[in-house]
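Subject: Structure handover

Hello,

Here is the structure for your files. My notes on what was found in it follow below.

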Amino acid sequence: MNAKSISVGIICSVAMLLLFSLFWDFVLDDSFITYRYSQNLADGHGIVWNIGEDPVEGFTSFLWVILNAFAIRLKLDPVIFSKVISIISALVIIWLIAYTAEKSHWSLVFIFTAAIATCPEFAFLSMQGMETTLTCLLLTSTAVISIKVLKEPSPRYVWYWYTLALLSALSRPDTIPFNAGILVGLLGISIAKRNYPALNKLLKMGCLFAILAATYMTWRISYFGYTFPNTFYIKIGSFGIHNADGLNYAYSFVTKILFPYLIIIAFLAGKYWNKDKFFKIAPILTGLSFFGLYVLTIDPYVQGFFWRFIFPVYPPFLVAAAYYFSSFKMPSLFSGKIAKTSFALAVAIILTLWNIRLVSKVYNEQEFRTHKDRVAAGKALADIKGTMYISESGALPFYSGWKAVDELGLNSEEIAHNGLSEKLLVDLNPDLVMLVVYSESGKYAPKMRTRIILNDYMINHDYIAIAVIKKTKKQYHYYFANKQSKLFEKIATRMLNMPNVRYSNLEKMMTEKHIPTYHPTIASAKPSEAD
């Protein structure tokens with residue numbers, strides 16, 4: 001790399017680390033789902049949710065489960081480990097983009113590199129403890145290697161590409177459309193240019209990796225019993241496929257993240273056409289097209305906040321742009337070196353301001369998605385063992401170690417495939433029920449089918465409302481305990497004396513009067529607040 005790209009890489013790395021520091025304390029509750037699977041695997045129980053039960057695939061990233069199991073086996077904290085892996089992945093992405101753009105004017109190197117380095121949404125997603133940033137790195141790498149394959153179709157680069165594509169699929173299955181598009185592009189260009197040696201290598205090695213992928217899928221189905229993870233069946237069965245939602249999701253990403261970069265790329269493309277370089281990035285563009293079609297078929301509003309499902313293909317897009325304009329000379333819009341430099345600097349500053357304009361909004365998102373109340377509850381219950389039915393399957397079961405079934409069915413094949421039933425609740429006989437309520441008032445008033453089934457069950461089986469915790473202005477967590485459970489008093493004591501949580505007045509918040517409230521709640525809760 002030249003001095004120009006190294007300087008930009010250092011500046012952007014520092015900028016990204018500063019953004020990471022803002023969100024270091026944030027961990028998405030869903031991350032603890034993966035950590036629980038990893039913990040059980042590291043402890044020798046296999047990839048299971050509840051120890052002693054059949055395997056169930058309630059996670060998205062097989063690779064993330066394996067990596068965190070390895071970390072836990074080494075006595076490392078999975079939260080810290082996940083953040084460190086994400087930081088390293090993000091820094092490598094920065095340097096890959098800077099390297100790809102090194103022959104460009106310094107302003108273009110900075111623009112394409114800083115696009116991701118100064119993006120608060122990307123920093124926020126990187127600190128959530130999930131596989132998002134590692135997936136970004138894997139897809140960025142497949143994009144970079146695809147260019148290498150077309151420039152030099154050696155067995156080494158073809159092998160690298162297939163290996164990275166396979167790891168991408170293990171990291172996030174929704175990367176398959178992107179890499180499938182790249183592969184189609186590589187094959188198509190090899191045929192169009194009659195580059196039969198390259199075509200031969202791609203097909204032969206593709207057969208080998210197809211066998212590896214088929215072997216993995218065969219194992220998956222035999223181990224978990226279903227073709228897809230529970231998340232797939234939940235979205236299809238409960239939410240359906242909403243093309244309008246997918247389209248709006250993609251549109252919002254374009255208008256709020258991508259828009260000024262598209263303008264610059266369109267402007268530069270009008271000044272510069274390079275057929276050879278276009279063919280080099282064509283597979284990446286095909287991959288982006290395939291991925292875009294996939295996005296139109298999903299319901300992105302289940303944990304898809306801040307375009308979490310789109311960001312993995314953003315760095316590859318920047319790699320394609322950086323490579324295409326890597327030998328581009330700035331147009332003579334102004335005469336004189338000072339004028340050109342001033343213009344380039346102004347554009348770079350404007351784009352940086354465009355990125356960081358949402359820092360405060362993203363920072364405030366931490367409060368809405370904080371996991372700390374469930375960490376406190378999980379740790380409070382860790383010295384007793386019971387069974388819980390929960391709406392949010394993350395930190396609470398991870399830290400408590402309790403047997404758990406969640407409302408969506410992420411970790412229950414019965415719920416994922418057939419929905420909640422009274423029989424399931426009777427068989428489960430939970431000692432504790434935790435439910436999240438999203439509304440202006442935050443009051444408990446079950447309306448959804450699953451909540452009505454659960455509410456009737458609690459009424460008929462002597463459950464008592466123990467506490468309500470205010471998470472945010474419109475988000476509350478309710479805790480119910482079975483009066484007949486031998487753990488009832490211990491649950492009530494622990495749920496009412498958790499540190500650093502905001503209790504609300506349970507009597508006022510419970511509109512369902514058929515479920516009695518635990519009277520010591522208001523007197524015991526510390527601190528309390530009236531709503």
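Aspartate 462 is partly exposed, with a relative accessible area of 32%. The residue sits in the loop between helix 21 (449-460) and strand 4 (463-472), and its phi is positive, about 65 degrees, although it is not a glycine. Please keep in mind that this is a predicted model.

Asparagine 429 is another non-glycine residue with a positive phi, near 50 degrees. Its place is the loop between helix 20 (422-428) and strand 3 (432-438), and at 42% relative accessibility it counts as partly exposed.

Next, the salt bridges. The search of the whole structure gave 13 of them.

Aspartate 383 pairs with arginine 494, with 2.7 Å between the closest N and O atoms. Aspartate 383 is exposed, at 55% relative accessibility.

Glutamate 407 and arginine 451 form a further salt bridge, the closest N and O atoms being 2.5 Å apart. This pair also links distant parts of the chain: glutamate 407 is in the loop between strand 2 (403-406) and helix 19 (413-418), and arginine 451 is in helix 21, 44 residues apart. Both glutamate 407 and arginine 451 are buried.

Salt bridges with shared partners join Asp29, Asp373, Arg374 and Glu392 into one network. Within it, aspartate 373 and arginine 374 have their closest N and O atoms 3.6 Å apart. Aspartate 373 is buried at 6% relative accessible area, and arginine 374 is buried at 1%.

On helix packing: the axes of helix 9 (residues 176-192) and helix 13 (residues 275-295) come within 7 Å and cross at roughly 145 degrees. The crossing is right-handed. Residues making the contact include Phe178, Ile182, Leu186 and Ile189 of helix 9, and Phe279, Ile284, Leu288 and Phe291 of helix 13.

Finally, the surface. Met1, Ile6, Ile10, Val14, Leu18 and Tyr99 form a nonpolar patch with about 540 Å² of accessible area together. Helix 1 (residues 3-22) gives the most to this patch, with 4 residues. Leucine 18 lies in helix 1 and is exposed, with a relative accessible area of 55%.

Regards

Methods: Residues numbered from 1 in each chain as written. Predicted model: local features only at pLDDT ≥ 70, side-chain atom pairs only at ≥ 80, totals over all residues. Heavy atoms only, no water. Patch = residues over 30% accessible without salt bridge, like charges linked within 9 Å, V, L, I, M, F, W, Y side chains within 5 Å. Areas by Shrake-Rupley, 256 points an atom, 1.4 Å probe, with all protein chains shown as cover. Salt bridge = Lys/Arg side-chain N within 4 Å of Asp/Glu carboxyl O. Helix = DSSP H or I, 4+ residues; strand = E, 2+ residues; numbered from the N terminus. Buried < 20%, exposed > 50% of the residue type's maximum accessible area, 1.4 Å probe, protein only. Axes fitted to C-alpha atoms, helices over the stretch in contact; angles between N-to-C directions. Left-handed = near helix turned anticlockwise from the far one by under 90°. Contact = heavy atoms within 4.5 Å.
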